[in-house]
Amino acid sequence: MGKMRSTREGYGEGLLLLGEKNNNLVVLDADTSCSTKTDIFARKFPHRFFNVGVAEQNLMGIAAGLSLTGKIAFASGYSIFVSGKAWDQIRNIICYCKLNVKIGATHAGITVGADGATHQALEDIALMRVIPNMNVVVPCDAVEARKAVFTIAEEIQGPVYLRLGRGAVPSITQESTPFIFGKALTLNEGKDVTIIACGIMVWESLKAVEELKEEGISVKLLNFHTIKPPDEEAIIQAAKQTRALVTAEEHQIIGGLGGMVSEIIAREMPVPLEMVGVKNSFGESGEASELMEKFGLTAKEIVKAVKRVLKKKKTILPL
Amino acid sequence: MENKELEKKATQIRRDIVLMLQESKSGHPGGSLSSTEIMVALYFSVLKHDPQKPNWIERDRFILSKGHSCPVQYACLARAGYFNREELFTLRKLNSRLQGHPGKDKKLPGIEVSSGSLGQGLSISVGNALGFKLDNKLQRVYCLMGDGELDEGQIWEAAMAGAHYRLNNLCAVVDNNGLQIDGCLKEVMNIEPLREKWNSFGWNTIEIDGHKMQEILNAFKAAQEEKNKPTVIIAHTIKGKGISFMENVAGWHGKAPSKEETDRALKELV
């Protein structure tokens with residue numbers, strides 16, 4: 001395990017580096033620049049930074065307008081507010097017109113912690129991935145977040161929702177690890193079951209893999225950083241190879257990563273599936289780690305889910 | 001173009017609107033007819049644009065925030081030469097580039113951005129004007145809003161931002177026809193005092209009769225001369241203007257005329 005850093009820090013760092021390289025980059029925020037880490041960019045490039053105040057709908061509209069003049073516009077804010085309050089702006093303008101607006105949505109998930117349920121985005125992946133033309137990326141660590149900033153700016157023409165967290169998370173990927181948009185990253189090979197995870201749950205999954213290994217269960221682990229467009233091939237291949245899947249996300253199990261995987265396997269390769277995530281409930285105040293525990297977003301829960309799915313695999317799909 | 005010619009053009013455009021809507025059997029005549037002179041002034045006098053090169057990089061931008069009034073924009077674009085007038089009669093039909101509300105994805109020349117969800121055009125215009133400022137471009141951004149649309153909170157977020165960034169390259173127009181879908185603005189949701197509102201938000205505010213060509217042109221000229229602020233032109237208009245039985249009737253917000261009504265309208269539009 002490397003240094004503990006948040007994905008929002010990786011985001012801020014990425015914007016600064018990209019800003020040095022690309023004059024066309026503009027960054028916008030909705031009075032949250034110290035939290036989203038766009039303040040790093042703002043200090044270096046004040047004339048290319050626009051703080052529109054606490055106005056997420058206007059944030060998206062202005063970002064759209066800037067993109068119409070050829071800018072790459074990164075619009076930042078808390079994920080709950082940018083994805084929820086500005087959904088219509090994102091759908092009807094940014095996505096419908098396929099504008100080059102990237103949404104840097106920080107403070108996603110339950111790990112926002114003490115601020116409580118109003119500030120914990122647990123539905124944003126669902127809200128964003130359902131919109132045509134939208135792309136959704138959920139980095140697992142700061143290094144991946146920094147690379148994602150470059151990739152979505154330089155390789156993707158059109159809107160991207162980049163989901164970022166508040167709290168520090170362990171480094172999983174290295175500087176040398178490739179970040180390929182739309183391609184799942186295999187972190188571990190295994191034959192009994194595949195865990196498909198994103199964001200902070202990749203780390204929990206890694207711990208689960210180790211634990212299961214001691215019990216003689218061989219687990220394949222995919223870091224599924226691009227939720228949309230999904231790497232269908234990786235999912236289908238994993239389903240064929242291990243014939244049992246577990247998804248793990250810091251999000252409602254409805255409509256998120258688990259929903260996406262089930263849509264694909266139901267159509268292409270039906271195999272038993274278990275989903276680890278928030279189960280149709282709002283969050284609450286507490287320490288991030290306490291909340292992860294309370295809402296079942298832990299390695300322990302992933303291990304349990306693996307055992308459940310292996311049982312199903314045995315009864316439903318006798319080989 | 002002389003005022004007389006512009007006025008003649010407005011009548012042509014009104015005839016186009018009625019004919020298009022009769023053909024499409026649905027759509028929004030009221031707000032198209034109330035904003036006809038404003039739109040004609042923009043497309044045939046004010047805007048720096050080239051219908052032969054719709055993506056000309058140096059063009060001024062026009063953002064139609066009240067997307068439901070696209071019939072008037074489509075007619076102006078066709079008459080200006082962006083596309084063949086015949087195409088107007090595909091409005092709202094399957095596979096048409098003339099969507100019920102403008103869709104950028106359909107690539108109709110002259111459409112800068114999709115619209116239809118009210119309240120968004122001014123924010124987009126603010127962003128667009130900011131982008132021009134950032135690149136030291138002298139182009140201007142124009143935005144047409146409805147008065148009912150001013151109920152939307154986002155308009156006022158954008159109004160704040162436009163003044164904050166001192167966007168004197170931005171000129172918004174309110175088509176102040178006094179009616180929204182459910183009736184009079186005064187009864188549904190009072191937006192007055194409008195002039196004071198925009199003034200207090202830091203805008204250069206000009207009030208005009210939105211059907212008098214010279215007043216419209218003077219207002220756009222005054223907006224161009226403003227050095228520090230964005231300008232809003234509050235254009236007092238009549239919903240359904242030019243067709244006696246549509247004038248000031250809220251019911252004609254979103255209803256197409258029948259064949260018989262179209263004939264009556266065309267007789268008046270000469």
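A: Helix H10 (residues 232-242) of chain A lies across strands E8, E9 (219-223) and E11 of chain A, and runs at about 175° to E9(A); helices (H or I, at least four residues) and strands (E, at least two) are DSSP runs, numbered from the N terminus. Such angles run from 0 to 180 degrees between N-to-C directions, with axes fitted as lines to C-alpha atoms, for helices over the stretch in contact, where contact means heavy atoms within 4.5 Å. Helix H11 (residues 257-268) of chain A lies across E8, E11 and E12 of chain A, at about 145° to E11(A).

This is a predicted model, in which local features need pLDDT of at least 70 and side-chain atom pairs count only at pLDDT 80 or more, while totals for chains, interfaces and linings use all residues. Residues are numbered from 1 along each chain as its sequence is written, chains are lettered from A and ligands numbered from 1 in the order in which they are written, and side-chain values use heavy atoms, leaving out hydrogens and water.

The open sheet has 5 strands in the order E7-E9-E8-E11-E12 (chain A), with mixed pairing, where two strands pair if DSSP finds at least two bridges between them. Strands E7 (185-188) and E12 (273-278) of chain A stand at the edges with a single partner strand each, so one side of each has no neighbour in the sheet. From one strand to the next, the twist averages 25°. Within this sheet, E8 (residues 193-197) and E11 (residues 245-252) of chain A run parallel and are joined by 4 bridges, and A:Ala197 has A:Ala248 as its bridge partner in E11(A).
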